[in-house]
Amino acid sequence: SQGMRPKPRIMFPSALAVGIAGTDEVVETDLTEAWWEDEVRAALTDAAAPGWRFDRITIVPADRKAAVAVRTEYAFPLPEHRRASAG
């Protein structure tokens with residue numbers, strides 16, 4: 001953002017509800033200058049909260065649309081006695 005207190009703009013296109021753990025989330029940010037993928041990964045890793053890991057970095061042209069999820073998977077524990085009826 002470019003307001004009184006400039007700060008990075010970070011978006012989660014497929015944000016999860018509170019209490020749902022993500023294991024392979026997409027994060028978008030706008031860059032004000034050209035960076036290489038390795039530079040972005042290093043900067044994000046240095047600034048991230050403990051436990052965050054950045055597996056893939058993709059630099060896309062500014063005129064390209066935002067990310068859109070094409071598949072979402074959810075996993076949740078199911079008690080043994082309920083598994084047969086779950087199909």
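Me: Is Arg56 buried or exposed?
Reply: Let's begin with the cut-offs: buried means under 20% relative accessible area, exposed over 50%, and partly exposed in between (1.4 Å probe, protein chains only). Arg56 has a relative accessible area of 62%. That value puts Arg56 in the class called exposed.

Me: What kind of model are we looking at, and what is the mean pLDDT of the chain?
Reply: This is a predicted model, in which local features need pLDDT of at least 70 and side-chain atom pairs count only at pLDDT 80 or more, while totals for chains, interfaces and linings use all residues. Residues are numbered from 1 along each chain as its sequence is written, and side-chain values use heavy atoms, leaving out hydrogens and water. The predictor's confidence in each residue, from 0 to 100, is called pLDDT. In this chain 94% of the residues reach 70 or more, and the mean is 82.

Me: Which element of the chain has the highest mean pLDDT?
Reply: Elements here are DSSP runs numbered from the N terminus: helices (H or I, at least four residues) and strands (E, at least two). The lowest mean among them, 81, belongs to β1. At the other end, with a mean of 91, is α1.

Me: Which residue meets Asp24 in a salt bridge?
Reply: A salt bridge needs a side-chain nitrogen of Lys or Arg within 4 Å of a carboxyl oxygen of Asp or Glu. Here the N to O distance is 3.2 Å, and the partner of Asp24 is Arg56.

Me: How many residues apart in sequence are the parts that Asp24 and Arg56 tie together?
Reply: The two side chains meet in a salt bridge. Asp24 sits in the loop between β1 (10-11) and β2 (28-29), and Arg56 in the loop between α1 (37-47) and α2 (80-86). The pair therefore ties together parts of the chain whose separation in sequence, in residues, is 32.

Me: What separates Glu80 and Arg83 in helix α2?
Reply: These side chains also meet in a salt bridge, at 3.1 Å from N to O. Glu80 is exposed at 60%, while Arg83 is partly exposed at 46%. Because the two are three residues apart in helix α2, what separates them is about one helical turn.

Me: How many salt bridges does the count come to?
Reply: Besides the pairs above, Arg71 and Glu73 meet in a salt bridge at 2.9 Å. Both ends of that pair are exposed, Arg71 at 66% and Glu73 at 60%. With the 4 Å rule, the count of salt bridges comes to four.

Me: How many aromatic pairs are there, and what is the class of the one between Phe12 and Trp52?
Reply: A pair of aromatic rings is described by the distance of the centres and the angle of the planes. Rings of Phe, Tyr and Trp (its six-membered ring) pair if their centres lie within 6.5 Å; planes under 30 degrees apart count as stacked, over 60 as edge-to-face and the rest as tilted. The count comes to two aromatic pairs. Phe12 and Trp52 have centres 6.2 Å apart and planes at 80°, and the class is edge-to-face.

Me: Where is Glu28 found, and is it buried or exposed?
Reply: Glu28 is found in strand β2. Not counting residues up to four places away in sequence, Glu28 touches Arg9, Ile10, Met11, Pro13, Ala66 and Ala67 (contact means heavy atoms within 4.5 Å). At 19% relative accessibility, Glu28 counts as buried.

Me: How far apart are the C-alpha atoms of Val68 and Pro13?
Reply: Val68 lies in the loop between α1 and α2 and is exposed at 67%. Along the chain, Val68 and Pro13 are 55 residues apart. Their C-alpha atoms are separated by 6.9 Å.

Me: How far apart in space are Arg41 and Arg71?
Reply: Arg41 belongs to helix α1 and is partly exposed at 25%. In sequence, Arg41 and Arg71 are 30 residues apart. From C-alpha to C-alpha, the distance in space is 24 Å.
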